[in-house]
There are 2 protein chains.
Amino acid sequence: MASTFVVTGCAGFIGSNLVDRLLGDGHAVIGVDNFSTGQRRFLEGALANRNFRLIEMDILDLDLLKTAFQGADAVFHLAANADVRFGTEHPRKDLEQNTIATYNVLEAMRANGIRKIAFSSTGSVYGEAPVIPTPEDGPFPIQTSLYGASKAAGEGLISAYCEGFGFQACIFRFVSILGERYTHGHVFDFYEKLNKDPTRLPVLGNGKQRKSYLYVQDCIDAILLAMEKAEAKVNIFNLGVDGYCEVNDSIGWICETLGLSPNLEYSGGDRGWIGDNPFIFLDTKRIQSLGWKPKYSIRDGVLRTVEYLRTNEWVFNART
Amino acid sequence: MASTFVVTGCAGFIGSNLVDRLLGDGHAVIGVDNFSTGQRRFLEGALANRNFRLIEMDILDLDLLKTAFQGADAVFHLAANADVRFGTEHPRKDLEQNTIATYNVLEAMRANGIRKIAFSSTGSVYGEAPVIPTPEDGPFPIQTSLYGASKAAGEGLISAYCEGFGFQACIFRFVSILGERYTHGHVFDFYEKLNKDPTRLPVLGNGKQRKSYLYVQDCIDAILLAMEKAEAKVNIFNLGVDGYCEVNDSIGWICETLGLSPNLEYSGGDRGWIGDNPFIFLDTKRIQSLGWKPKYSIRDGVLRTVEYLRTNEWVFNART
């Protein structure tokens, strides 16, 4: 049955891919974005669809948000400051764009009688997890980044609204996501650096950081499946592939695809920056028990991302 | 060695008792309070001490807070909205007074080069804990109250500042605190109701909710000991007695002390209100390993509280 969904952060990497999928499935979509990092070009297809309505606004404006949400059946709340690395340069940004923004989304839902929400959280909420692969109910974490802290705070608010106001939520703790419209992260950075100077590649950390990645369409499959099938009040799912790679592996795949052999210049020890987590690997048995599994490997994801960047070099100039 | 400490919420129940203790130990105290729930009478002793400076302000005013913190060595951040029960009536209050306020405290510290903080969190951050007695590193909780969510968010921010800005923190997850200057909670409510009508006592829930309580001076002993001895970057301690009572036990002690036999009128099933946790009992081995143990039982705490209320009935009229 066709529904009307709000997608916040609709012009972002994951948001715009989700919008296209929802529209393709015959649903109506109200897209909300302030274009602080979102790209209008990501919405070219959506804007040609009469089931899509774009509302350009900042979700920190609660009154406007209440109006924007009118008539929606559920909300996919993806808008966020997704920058983990530079959190300490502007601590207020994570608080406002991730925590307070999530509060606004919940209040706008409450004002409109909307009770179902999907939330893009992050594996960063586990801090440096003592249990790996990390399950959703692993030990009470200690936050190590302002980004993780702000997303954990968003999760807590959503859960409290489920208990207090009868909401139902699917909360997704992502590993890093790769694929078309990717505009942020290590593949982006490496590609950009190699584009400037193919002979050398500065690497933050020793390259041995172990990380997990997921291809964006696999991620969207999981989100939609969970929203359809999950029945508890608060449903929390790790999303990732069943494994990890080293940063060095990823560098190898990128260089191989580009036909480059740069000199690798490591710096910073086992962590690339303050709060960098040297090992991220999430236990995804819970989402797999609903019948989902990723169709693409980490290598597939990296290669598709490089291919996307190669044919869309405009994204390097589009950053604000 | 005498230090200068900031105490936010200095006119509150725990805050004012802490101020008196710190001044008694020869320290200087900068007390911050907006008197939204704090009581000027709780500071009578402190205001007569030349080592005490009161700054009446709202900690949501970050610029003023930065000035207030000048010259301090460490901060005891106790200011909060402590009302768990009515969270759903004003969801913004917990966000502002607990989460954003904590962010402001951290920023004011950073602006002044202060790096040590004690934070009054709560056992409510565990939601309905699946492990009881609940240890500090029990399963990743799902929040069930806006209060718990806002305090968990405060903890996350503090931990991220420890990692990102070299802060050191002691985070205390309290059970309910009892004792002199108590102005809020079940003993207060029961006393007030019995004062109005000694023949009947309406009880939220079935009276079988199991809760743990701690006497305020024991609580302060633990806070000061931890601030002295804890050495990790982020130190998290449950604070409570080694046991629990039923709400019915507490009612019995109160009625016995007052010489009353009211008709008990239960309502609401096994939870007194939305988000009420039917069983709170924290594992306190970690703080005990530093050499602390409570000197007072739950019964002692209840009796001392009743005695305090009996000789300070003005507090029932002082609420805002």
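**A helix across the sheet, and two chains face to face**

In chain B of this predicted model, helix α5(B) lies across strands β5, β6 and β11, and runs at about 160 degrees to β5(B). Contact here means heavy atoms within 4.5 Å, and helices (H or I, at least four residues) and strands (E, at least two) are DSSP runs numbered from the N terminus. Axes are lines fitted to C-alpha atoms, for helices over the stretch in contact, with angles from 0 to 180 degrees between N-to-C directions. Helix α7 (residues 216–229) of chain B also packs on the sheet, where it touches β4 (74–77), β5, β6 and β11 of chain B, and its direction makes about 160 degrees with that of β6(B).

Residues are numbered from 1 along each chain as its sequence is written, and chains are lettered from A, with ligands numbered from 1, in the order in which they are written. Local features need pLDDT of at least 70 and side-chain atom pairs count only at pLDDT 80 or more, while totals for chains, interfaces and linings use all residues; side-chain values use heavy atoms, leaving out hydrogens and water.

What is the strand order of the open sheet in chain B? Its seven strands follow the order β3-β2-β1-β4-β5-β6-β11, with parallel pairing; two strands pair if DSSP finds at least two bridges between them. The edge strands, β3 (52–56) and β11 (234–239) of chain B, each pair on one side only. Within the sheet, β5 (residues 116–122) and β6 (residues 168–174) of chain B run parallel and are joined by seven bridges. B:Ser120 has B:Phe172 as its bridge partner in β6(B).

Turning to the pair of chains, a rotation of 180 degrees with 0.0 Å of shift along its axis superposes chain A on chain B (RMSD 0.0 Å), by least squares on the C-alpha atoms of residues with pLDDT of at least 70 in both. That is the relation of a two-fold axis. Because 100% of the interface residues of chain A are also interface residues in chain B, the copies meet through the same surface.

Helix α5 (residues 146–165) of chain A packs against helix α5 (residues 146–165) of chain B at an angle of about 175 degrees, with the axes 9 Å apart. This makes α5(A) roughly antiparallel to α5(B), a label for angles over 145 degrees. Among the residues of α5(A) that meet α5(B) are A:Leu146, A:Gly156 and A:Phe165.

Methods. Parallel < 35°, antiparallel > 145°, perpendicular 65-115°, else oblique.
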